[in-house]
Amino acid sequence: MAVLARSNDDLILDGIVAKIEAHRAADVLVNSAYNFDLERDKTTPWQDLAKPLVVVELESDTGESPEKFTARVRVLCAVPTIDDDSVAVARLYILKEQVRKALLDRDDIDFNQSVGIIGNPNTLKLSWTRIQFDDEKLTDSILIGSWSFEITYNYEPVYPTGIALDSLKITLDGFSAVWTY
């Protein structure tokens with residue numbers, strides 16, 4: 001069966017998650033209160049958020065030329081208010097700083113990509129924005145903000161690999177058919 005390669009923007013997101021995970025593990029060694037959940041492309045509801053959460057997602061992917069693309073990445077930082085708003089606000093700003101420190105760390109500036117895939121990773125420009133939910137109940141129970149940044153990367157199509165399919169034979173309940181390509 002043919003196998004399609006994963007795109008560079010997909011692999012870059014994995015690299016961002018891995019970098020944040022490594023920093024989270026180091027922070028938790030200092031103080032267990034610095035722990036948070038980390039997900040990629042969260043699609044499940046936010047209502048049951050019980051501890052701080054970081055979500056990494058691709059916001060957009062724009063081609064500047066056939067070989068060069070710019071991925072806009074968003075890293076959401078969410079903290080449940082639970083009982084005390086002032087504690088939640090403080091935890092949100094600590095979480096914000098944990099993520100900033102991870103993203104700007106000079107180690108692994110290419111997010112686990114081969115050197116040259118990401119165009120000048122030294123110029124990562126982060127932008128922080130607080131977010132309000134449309135749902136008032138969520139806004140009252142979860143504080144959330146996001147880091148946004150762009151990563152320019154080289155694109156070279158990778159064609160499917162594997163055994164070429166020249167025919168397909170299907171047998172079902174005594175009936176069979178063969179398709180030749």
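The chain averages a pLDDT of 88, and 96% of the residues score at least 70. The model is predicted. Among the elements of the chain, strand S1 (residues 37-40) has the highest mean pLDDT, 96, and helix H3 (residues 136-141) the lowest, 80. The structure holds 14 salt bridges, and a nonpolar patch on the surface has about 540 Å² of accessible area.

**Salt bridges**

- Glu59 and Arg72 form a salt bridge in which the closest N and O atoms are 3.1 Å apart. Glu59 belongs to strand S2 (residues 53-65) and Arg72 to strand S3 (residues 68-80), so this pair ties together parts that are 13 residues apart in sequence.
- Both partners are partly exposed: Arg72 has a relative accessible area of 26%, and Glu59 has one of 39%.
- Glu39 and Lys42 also meet through their side chains, in a salt bridge of 3.9 Å from N to O. Lys42 counts as buried because its relative accessibility, 17%, is under the 20% cut-off. Glu39, at 31%, counts as partly exposed.
- Within helix H2, Glu97 and Arg100 lie three residues apart, about one turn of the helix. Their side chains meet in a salt bridge of 3.0 Å, N to O.
- Glu97 counts as partly exposed at 40% relative accessibility, and Arg100 counts as partly exposed at 29%.
- One network, joined by salt bridges that share partners, takes in Arg6, Asp10, Asp14, Arg40 and Asp41.

**Gln98 in helix H2**

- Gln98 is placed in helix H2, which covers residues 85-104. With a relative accessibility of 7%, Gln98 counts as buried, because the value is under 20%.
- A polar atom of the Gln98 side chain lies 3.0 Å from the backbone oxygen of Tyr34.
- Not counting residues up to four places away in sequence, Gln98 touches Asp27, Tyr34, Phe36 and Arg91.

**Leu11 in helix H1**

- Leu11 lies in helix H1, which runs over residues 8-30. The relative accessible area of Leu11 is 28%, and the residue is partly exposed.
- Leaving aside neighbours within four places in sequence, the contacts of Leu11 are Arg6, Phe111 and Gln113. Arg6, one of these contacts, is also a member of the salt-bridge network with Asp10, Asp14, Arg40 and Asp41.
- From C-alpha to C-alpha, Leu11 and Asn112 are 8.2 Å apart in space, while 101 residues separate them in sequence.

**Nonpolar surface patch**

- The patch is formed by Leu168, Ile170, Leu172, Trp179 and Tyr181, and together these residues have about 540 Å² of accessible area.
- Strand S6 (residues 167-172) gives the most to the patch, with three residues.
- Tyr181 is found in the segment after strand S7 (175-180). At 61% relative accessibility, Tyr181 counts as exposed, because the value is over 50%.

Technical notes
Residues are numbered from 1 along each chain as its sequence is written. Side-chain values use heavy atoms; hydrogens and water are left out. Helices (H or I, at least four residues) and strands (E, at least two) are DSSP runs, numbered from the N terminus. Buried means under 20% relative accessible area, exposed over 50%, partly exposed in between (1.4 Å probe, protein chains only). A polar contact is a pair of N or O atoms within 3.5 Å; within protein, one must be able to donate a hydrogen and the other to accept it, and residues adjacent in sequence count only if both atoms are side-chain atoms. Contact means heavy atoms within 4.5 Å. Patches are made of residues with over 30% relative accessible area and no salt bridge: like charges are joined within 9 Å, nonpolar side chains (Val, Leu, Ile, Met, Phe, Trp, Tyr) within 5 Å. Accessible areas come from the Shrake-Rupley method with a 1.4 Å probe; for residues, only the protein chains shown count as cover. A salt bridge is a side-chain nitrogen of Lys or Arg within 4 Å of a carboxyl oxygen of Asp or Glu. pLDDT is the predictor's confidence in each residue, from 0 to 100.
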